[in-house]
Amino acid sequence: MFMRRTILALLSACLLTQPLFAQSTGSPGDTLDEIIARGTVIIGAYRDYPPYSFEENGEIKGTDIEVGKIIAQALGVKPVFELRNADENVDADLRNHVWRGPLVGGSVVNIMLHMPLDPELSLRNDMVVMGGAYASEKTILAWSKSALGDVPTMTDFTEYKIAVENDSIADFYLGSFAGGGIIKNILHRKDIAAAAQELVSGEAAGLMGPLSQIEFELNKAGDRRGNYGVSKATPPGLSQGNWKYGFAVRMNYRDLFYATEEAIVTAVADGRVAAAFAKYGLTYSPPPAPEE
């Protein structure tokens, strides 16, 4: 759900031991000094969004959670993670989770992770400051080697079925490819996990979606993982197939922003963010270098 909304938004405009996972109390709208004095930083991530942030057997996990731990360690405090629901768009997420809070109940977090970094999104959300790119994501193709061999082409799906998350950027791309010539073979599913099951079951010969999500789901196949090919490049003609993401804080907490950004830049450079992705068996795509 969140990935679909993220892409639509982009297209349209050692103090640490065990991290805390309890619900926060009080107002989390704090300066860096207040966070340090309290000893905890409240970090928001998205609910049910593997492999980035999800709960399993009562434990909050994911690549974004690992990044959150890195940030907290750099600040010298413990992380309190809150999994937040995705709203109708990223603008609403920023409003509800970062600078205003929900209209009924709840409060904002100190830092919200997995924010798409796009100039238009930033311009129309002047109550937040966004930055600290720690990874990139891309839309790619995965396929069954037994059905399509080692080097498939998109035209193969005029004959074979391909699974996709409904209303995602991959869905839009496939629906318009070759003048709609493969629409009849598209299997629409509610999320990447369900779409990946169609590939693993043999119902589909292909799967399209974000690289990290596809790798995470196919890794569940265990010994059968070698049966599937995973492209490392976006399909031809997919102009909006790559994006980067970082974090957001309320605009008046610049001290927290600068400290968090420094922690992320350092962790990207020294390999700790890459290690977070390796922990989940994923290919790490670093953010592009800043433009001079």
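User: What makes α8 and α9 count as being in contact, and which residues meet?

Analyst: Contact calls for heavy atoms within 4.5 Å. In this predicted model, Ile-192, Ala-193, Ala-196, Leu-199 and Val-200 of α8 meet Gln-213, Ile-214, Glu-217 and Leu-218 of α9. By type, the residues of this contact are seven nonpolar, one polar and one charged.

User: Which residues bring α3 and α10 together?

Analyst: On the α3 side they are Ile-70, Ile-71, Ala-74 and Leu-75, and they meet Leu-256, Ala-259, Thr-260, Ala-263, Ile-264 and Ala-267 of α10. The contact of α3 with α10 has nine nonpolar residues, one polar and no charged. The axes of α3 (residues 63-75) and α10 (residues 254-270) come within 9 Å and cross at roughly 115 degrees. This crossing is right-handed.

User: Why is Ser-168 called buried?

Analyst: The relative accessible area of Ser-168 is 10%, and buried means under 20%, so Ser-168 qualifies as buried. You can find Ser-168 in the loop between β7 (162-165) and α7 (169-176).

User: How do you know that Ser-168 has a polar contact with Glu-165?

Analyst: A polar atom of the Ser-168 side chain lies 2.8 Å from the backbone oxygen of Glu-165. The cut-off for a polar contact is 3.5 Å, so this pair falls within that limit.

User: What makes α4 a mostly covered helix?

Analyst: Eight of the ten residues in α4 (residues 90-99) are buried, and buried means under 20% relative accessible area. The buried ones are Val-90, Asp-91, Ala-92, Asp-93, Leu-94, Asn-96, His-97 and Val-98.

User: What is found at the start of α4, and what follows the helix?

Analyst: At the start, a side-chain oxygen of Asn-89 comes to within 3.2 Å of the backbone nitrogen of Asp-91. After α4 comes Gly-101, with a positive phi near 100 degrees.

Terms used. Residues are numbered from 1 along each chain as its sequence is written. This is a predicted model: local features need pLDDT of at least 70, side-chain atom pairs count only at pLDDT 80 or more; totals for chains, interfaces and linings use all residues. Side-chain values use heavy atoms; hydrogens and water are left out. Buried means under 20% relative accessible area, exposed over 50%, partly exposed in between (1.4 Å probe, protein chains only). Helices (H or I, at least four residues) and strands (E, at least two) are DSSP runs, numbered from the N terminus. A polar contact is a pair of N or O atoms within 3.5 Å; within protein, one must be able to donate a hydrogen and the other to accept it, and residues adjacent in sequence count only if both atoms are side-chain atoms. Axes are lines fitted to C-alpha atoms, for helices over the stretch in contact, and angles run from 0 to 180 degrees between N-to-C directions. A crossing is left-handed if the near helix is turned anticlockwise from the far one by less than a right angle, and right-handed if clockwise. Ala, Val, Leu, Ile, Met, Phe, Trp, Tyr, Cys and Pro count as nonpolar, Asp, Glu, Lys and Arg as charged, and the others, Gly among them, as polar.
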